[in-house]
Each structure stands twice: as structure tokens, then as C-alpha cells.
Amino acid sequence: MADLGAPVRVSPLIKFGRWSFLAIGVAYGAYHQQRLAKREVGIREVEAQQKVIRDAKLAEEKKRQQAEEAKAIAELSNPAKK
């Protein structure tokens with residue numbers, strides 16, 4: 001392995017800056033996550049309300065399609081007499 005030499009002593013000001021930015025970044029991330037979580041709760045509530053309506057429409061459409069299929073099968077199984 002290559003010889004990298006002795007490590008350079010880092011200035012206390014640079015260390016302080018690095019740790020400060022790290023702490024600020026963690027605090028901002030926690031704040032932003034909390035804000036996004038509140039927004040997501042609102043979106044999920046709206047989606048839950050829309051899901052009920054959508055499920056009812058889909059059930060009605062499925063029932064209508066089943067009735068049409070049953071009618072078509074009945075017509076195919078009992079052909080009209082000439």
C-alpha cells in the first residue's frame with residue numbers, strides 16, 4: 001500500500017464548522033420530515049375518501065358487466081328459432 005504520510009492537523013475552526021453543519025443538517029432534516037409527514041397524512045385522508053367512492057363505482061360497473069355477460073351467454077345458449 002502507498003505511504004500516505006502523517007495526517008494533517010485540522011483547524012479547530014474547520015472542525016467546529018463541520019460539526020455545526022452536521023447538526024444543522026440533522027435538525028433541518030427532522031423538521032422537513034415532520035412537515036412532509038403532516039402533508040402526507042392529509043393526502044392519505046383525501047385518498048381514503050376517494051377510495052370509497054371509487055370502490056362503489058367499480059362494484060356497480062362489475063355488477064353491470066356481469067349482468068350483460070349473463071344476458072349474452074343466455075342469448076348464445078338459446079339461439080333464436082327461424
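## Salt bridges and shape: worked exercises

A search of the whole structure turns up 4 salt bridges (a salt bridge is a side-chain nitrogen of Lys or Arg within 4 Å of a carboxyl oxygen of Asp or Glu). Before we start, note that this is a predicted model, where local features need pLDDT of at least 70, side-chain atom pairs count only at pLDDT 80 or more, and totals for chains, interfaces and linings use all residues. Residues are numbered from 1 along each chain as its sequence is written, and side-chain values use heavy atoms, with hydrogens and water left out.

**Exercise 1. Work out the secondary structure and overall shape of the protein.**

Step 1: Count the elements. You get 1 helix and 0 strands (DSSP runs, numbered from the N terminus: helices are H or I with at least four residues, strands are E with at least two).

Step 2: Check the radius of gyration, taken over C-alpha atoms. The protein has 33 Å, whereas a compact globule of 82 residues would be near 12 Å (the globule rule is 2.2 Å times the number of residues to the power 0.38).

Step 3: Look at the spans. The C-alpha trace covers about 105 × 40 × 10 Å along its principal axes.

Step 4: Ask how much is buried. Buried residues are 1% of the 82 (buried means under 20% relative accessible area, exposed over 50%, partly exposed in between, with a 1.4 Å probe and protein chains only).

**Exercise 2. Find the partner of R44 and describe the pair.**

Step 1: Start with the idea. Side chains of opposite charge can pair when their charged atoms come close.

Step 2: Find the contact. R44 forms a salt bridge with E40, and their closest N and O atoms are 3.5 Å apart.

Step 3: R44 and E40 are about one helical turn apart because they sit 4 residues apart in helix α1.

Step 4: Check exposure. R44 has 56% relative accessibility, so it counts as exposed, while E40 is partly exposed at 34%.

**Exercise 3. Which residues are joined into one network with R64?**

Step 1: Begin with the bridge between R64 and E60, at 3.1 Å from N to O.

Step 2: Salt bridges that share partners join E60, E61 and R64 into one network.

**Exercise 4. Which residues make the nonpolar surface patch?**

Step 1: Name them. W19, L22 and V26 make a patch of about 370 Å² (patches use residues with over 30% relative accessible area and no salt bridge; like charges are joined within 9 Å, and nonpolar side chains, Val, Leu, Ile, Met, Phe, Trp and Tyr, within 5 Å). Areas come from the Shrake-Rupley method with a 1.4 Å probe, and for residues only the protein chains shown count as cover.

Step 2: Zoom in on W19. W19 lies in helix α1 (residues 12-77) and is exposed, with a relative accessible area of 63%.
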